[in-house]
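Visitor: I am new to this structure. Please show me how to read its features.

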Amino acid sequence: MQLSIFRGMRFVRLTDEHLIKPFNCGDEQKDLDLADFLVNNARLYAKERMGVTYLIEDDNETVCYCTVLNDKISMSVDEKHIWNRINRKINNGKRRKSYPAIKIGCLATNIHYTKMGFATKLVDFVRQYLLSDRQFSGCRFITIDAYNDKNVLQFYENYGFRFFSEKDLTANTRSMYFDICG
Ligand SMILES: CC(C)(COP(=O)(O)OP(=O)(O)OC[C@H]1O[C@@H](n2cnc3c(N)ncnc32)[C@H](O)[C@@H]1OP(=O)(O)O)[C@@H](O)C(=O)NCCC(=O)NCCS
């Protein structure tokens with residue numbers, strides 16, 4: 001599946017041979033987590049079959065990247081109301097206590113390219129892939145452990161992600177889900 005991006009930019013699936021271009025998140029801590037993951041861990045995750053990384057890059061920099069892996073969402077006994085909301089969209093006879101999902105393990109945009117729609121494009125890519133007729137296996141939800149940061153949470157909420165729990169209100173990251181069928 002291809003992605004429509006600006007002229008001069010490329011959409012790449014990270015391989016062992018690919019030379020990763022500089023990436024700057026613009027935040028010291030996030031750079032430590034996200035830039036470090038890209039440079040030092042993304043290939044290892046691919047090699048161990050634990051995460052596949054997709055990049056948007058131009059000739060000089062990595063513009064945006066995401067890493068995806070399989071996941072599932074499961075009912076939490078304490079937060080049945082959230083599970084009921086999730087279940088309501090599922091055909092009655094097919095309701096379960098867990099559902100297949102894909103996790104966006106990392107998603108980050110280079111500070112020089114924020115607010116230009118790149119992160120949205122990568123989430124769109126994951127969603128379109130899951131909705132395509134060539135689906136390889138069943139997968140209904142996208143999940144993310146989002147940084148508990150107002151702007152980051154706002155980005156995901158605006159996209160349509162919902163909180164999976166209220167227990168992580170003050171945690172470093174918050175679990176969110178997105179139903180690809182709307
Ligand atoms: C959160 C993050 C991934 C968003 O990336 P981004 O590429 O800036 O996101 P987008 O450009 O797709 O969308 C951001 C906003 O810009 C807006 N936008 C998109 N295209 C735009 C354009 N051409 N002009 C102006 N605004 C635009 C979007 O509407 C969106 O607004 P919203 O949040 O109100 O919906 C990015 O800020 C980031 O990497 N932050 C640091 C790392 C991080 O915390 N990652 C999250 C880990 S969970």
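Guide: Start with the salt bridge: a side-chain nitrogen of Lys or Arg within 4 Å of a carboxyl oxygen of Asp or Glu. This is a predicted model, where local features need pLDDT of at least 70, side-chain atom pairs count only at pLDDT 80 or more, and totals for chains, interfaces and linings use all residues. Residues are numbered from 1 along each chain as its sequence is written, and side-chain values use heavy atoms, with hydrogens and water left out.

Visitor: How many salt bridges does the structure hold?

Guide: Eight. In one of them, the side chains of Arg-10 and Glu-57 meet at 3.3 Å, N to O. Arg-10 is in strand β1 (residues 10-13) and Glu-57 in strand β2 (residues 52-57), so this pair ties together parts 47 residues apart in sequence. Strands (E, at least two residues) and helices (H or I, at least four) are DSSP runs, numbered from the N terminus.

Visitor: Which residues come nearest to the ligand?

Guide: A residue is near if one of its heavy atoms lies within 4 Å. Of the 20 residues around the ligand, Thr-109, Lys-115, Gly-117, Thr-120 and Asn-158 come nearest.

Visitor: What about polar contacts?

Guide: Look for a pair of N or O atoms within 3.5 Å. A backbone N or O atom of Gly-117 is 2.6 Å from a ligand oxygen. For Thr-109, a backbone N or O atom lies 2.7 Å from an oxygen of the ligand. Asn-158 uses a side-chain N or O atom, 2.7 Å from a ligand oxygen.

Visitor: Which element gives the largest share of the shell around the ligand?

Guide: α4, with four residues. Helix α4 spans 150-159. Other elements supplying at least two shell residues include α1 (28-47) and β4 (98-109).

Terms used:
A polar contact is a pair of N or O atoms within 3.5 Å; within protein, one must be able to donate a hydrogen and the other to accept it, and residues adjacent in sequence count only if both atoms are side-chain atoms.
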